[in-house]
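What follows is a walk through the model shown below, starting with its charged pairs and going on to its strands, its helix and its core.

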Amino acid sequence: GPRTEFLYNIDPKKDEGSGEGPVGAIRFGKYKLIRGHPGYPDGWIPPPRSRVPRRFLNSTERGKSRKPHLFDLQADPYEKSDISQLFPDIVKDLEIRLGKYASSMIPPDDPPATSAGDPSNFNGAWSPGWC
């Protein structure tokens, strides 16, 4: 039969820059739970010091809160309406499901940050710098 549960992403580490973490997203049935900053609605992240007016960058308030976000993907496929306050039991269930995945994952092996991957070292292309 069709898949009813889908793990989008999971990251157990706290981002030093944003303070976000752990983050992740899971779908169960028609509901999707996002823990951490869900990104911008169109998937585009503005460059630093962008001149694009902020009103065009994010049409929802979801990027301003660290609480989990819940969406009904059948009724709201563009994930514009956070319904987490209306369905706390579903949020709790999906948090538990996400936690089970997190507890069984292999920890990420993130090498230390280095300037060796700077594009100026590779004819304008980014590199991790450690390979």
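A search of the whole structure finds 6 salt bridges, a salt bridge being a side-chain nitrogen of Lys or Arg within 4 Å of a carboxyl oxygen of Asp or Glu. Side chains of opposite charge can pair when their charged atoms come close. The model is a predicted one, in which local features need pLDDT of at least 70 and side-chain atom pairs count only at pLDDT 80 or more, while totals for chains, interfaces and linings use all residues. Residues are numbered from 1 along each chain as its sequence is written, and side-chain values use heavy atoms, with hydrogens and water left out.

One of the salt bridges joins the side chains of Arg97 and Glu5, at 2.9 Å from N to O. This pair links distant parts of the chain, with Arg97 in helix 1 and Glu5 in strand 1, 92 residues apart. Helices (H or I, at least four residues) and strands (E, at least two) are DSSP runs here, numbered from the N terminus. Arg97 is partly exposed, with a relative accessible area of 24%, and Glu5 is partly exposed at 23%. For these classes, buried means under 20% relative accessible area, exposed over 50%, and partly exposed in between (1.4 Å probe, protein chains only).

A salt bridge also forms between the side chains of Lys32 and Glu79, at 3.0 Å from N to O. Lys32 lies in strand 3 and Glu79 in the loop between strand 4 and helix 1, so the pair ties together parts that are 47 residues apart in sequence. Both Lys32 and Glu79 are buried. In the salt bridge between Lys67 and Asp82, the closest N and O atoms are 2.3 Å apart. Lys67 is in the loop between strand 3 and strand 4, and Asp82 is in the loop between strand 4 and helix 1, so this pair ties together parts that are 15 residues apart in sequence. Lys67 counts as partly exposed at 29% relative accessibility, as does Asp82 at 30%. Salt bridges that share partners join Glu5, Asp93 and Arg97 into one network.

Turn next to the strands. Strand 2 and strand 3 pair in the antiparallel sense over 5 bridges; two strands pair if DSSP finds at least two bridges between them. They form a hairpin with 2 residues between them, and Gly29 in the turn has a positive phi of about 65 degrees. Strand 3 also runs antiparallel to strand 4, joined to it by 4 bridges. Within these pairings, Ile26 stands opposite Leu33 in strand 3, and Leu33 stands opposite Leu70 in strand 4.

Strand 3 is mostly covered, with 5 of its 5 residues buried. Tyr31, Leu33 and Arg35 point one way from the strand, and Lys32 and Ile34 point the other way.

In strand 1 lies Asn9, which is partly exposed, with a relative accessible area of 44%. Asn9 and Ile26 are 17 residues apart in sequence and 7.4 Å apart in space, C-alpha to C-alpha. Leaving aside its neighbours within four places in sequence, Asn9 is in contact (heavy atoms within 4.5 Å) with Val23, Gly24, Ala25 and Leu98.

Helix 1 takes in residues 88–104, 17 residues in all, and reaches 25 Å from its first C-alpha to its last, close to the 24 Å expected at 1.5 Å a residue. That expected span is 1.5 Å times one less than the number of residues. Which residues of helix 1 are buried? They are Val91, Leu94 and Leu98. These cover an arc of only 75 degrees around the axis, which puts them on the same side of helix 1; the arc is that of the directions from the helix axis to the C-beta atoms. The face turned away from this buried side carries the exposed residues Asp89, Lys92, Lys100, Ser103 and Ser104.

The buried residues of helix 1 pack against strand 1 (5–11), strand 2 (23–28), strand 3 (31–35) and strand 4 (69–72). Leu94, for one, is in contact with Ile26, Phe28, Tyr31, Leu33 and Leu70, leaving aside its neighbours within four places in sequence.

In soluble globular proteins, nonpolar side chains tend to be buried together. A nonpolar core is defined here as a set of buried Ala, Val, Leu, Ile, Met, Phe, Trp, Tyr and Cys residues joined through side-chain atoms within 4.5 Å. The largest one has 9 residues: Ile10, Ile26, Tyr31, Leu33, Leu70, Ile83, Val91, Leu94 and Leu98. Strand 3 and helix 1 each supply at least two residues of this core, and the largest share, 3 residues, comes from helix 1.
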